[in-house]
Amino acid sequence: MDEELNSFFNEYQDNFMEYFETHKNKKIQNRNDFKEISNEIVELKNKYPNVQAYLEDEQIVDLSEKEREIVLKIIDLEEDLVTLEIKESFKLGFKEAYIYFEEMGMLNI
């Protein structure tokens, strides 16, 4: 196949990881579920300054029982964000595989 299909893998082999991060962010940052989770994290950190100091500034602070629960909740929410990113990566992988198979003529059965 003389013509390469529109694939970021074809276009961005030299800066693959940089482009991958840009693509991933562009795809998920406008999703409602991503925004809701991100906003909840920001709200919790703003409401509990000791938690923010502990998580962002790596300060050793005495945390109340409630603040420790909030730290765990934020960690869970951040894992949810990572899951969304992984799912987007998975979909992108399928797209890239399809383009590769098309370029190699492997879909002409």
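A: What follows is a short walk through the fold, the core, the charged pairs and the surface. This is a predicted model, in which local features need pLDDT of at least 70 and side-chain atom pairs count only at pLDDT 80 or more, while totals for chains, interfaces and linings use all residues. Residues are numbered from 1 along each chain as its sequence is written, and side-chain values use heavy atoms, with hydrogens and water left out.

Q: OK, how many helices and strands are there in the protein?
A: The protein has five helices and zero strands, where helices (H or I, at least four residues) and strands (E, at least two) are DSSP runs numbered from the N terminus. Read from the N terminus on, the elements run α-α-α-α-α.

Q: And how much of the protein is buried?
A: Buried residues make up 27% of the 109 residues; buried means under 20% relative accessible area, exposed means over 50%, and partly exposed is in between, with a 1.4 Å probe and protein chains only. The accessible surface comes to about 8200 Å², and 50% of that belongs to carbon and sulfur atoms, with areas taken from the Shrake-Rupley method with a 1.4 Å probe and, for residues, only the protein chains shown counting as cover.

Q: What share of the contacts comes from residues 24 or more positions apart?
A: Among contacts with a separation of 6 or more, 59% are between residues 24 or more positions apart, a contact being heavy atoms within 4.5 Å.

Q: Which residues have the most contacts inside the largest nonpolar core?
A: That core has 14 residues, and those with the most contacts inside it are I37, I41, L44, V51, I70, I74 and L81. A nonpolar core here is a set of buried Ala, Val, Leu, Ile, Met, Phe, Trp, Tyr and Cys residues joined through side-chain atoms within 4.5 Å. Helices α3 (32–47) and α5 each supply at least two residues of this core, and the largest share, six residues, comes from α5.

Q: Take L44, then: what is it in contact with, leaving aside neighbours within four places?
A: With those neighbours set aside, L44 is in contact with I70, K73, I74 and L77.

Q: What about E40, which helix is it in?
A: E40 is found in helix α3, and it counts as partly exposed because its relative accessibility is 28%. Leaving aside neighbours within four places in sequence, E40 is in contact with K73 and L77. The side chains of E40 and K73 make a polar contact at 3.3 Å; such a contact is a pair of N or O atoms within 3.5 Å, where within protein one must be able to donate a hydrogen and the other to accept it, and residues adjacent in sequence count only if both atoms are side-chain atoms. The C-alpha atoms of E40 and I74 are separated by 8.5 Å, although these residues are 34 apart along the chain.

Q: Switching to salt bridges, how many are there?
A: The count comes to seven, a salt bridge being a side-chain nitrogen of Lys or Arg within 4 Å of a carboxyl oxygen of Asp or Glu. One of them joins the side chains of K45 and E78 (3.8 Å, N to O), and this pair links distant parts of the chain, with K45 in helix α3 and E78 in helix α5, 33 residues apart. K45 is buried, with a relative accessible area of 11%, whereas E78 is partly exposed at 32%.

Q: Why are R68 and E65 separated by about one helical turn?
A: They are separated by about one helical turn because they are three residues apart in helix α5. R68 and E65 form a salt bridge, with the closest N and O atoms 2.8 Å apart.
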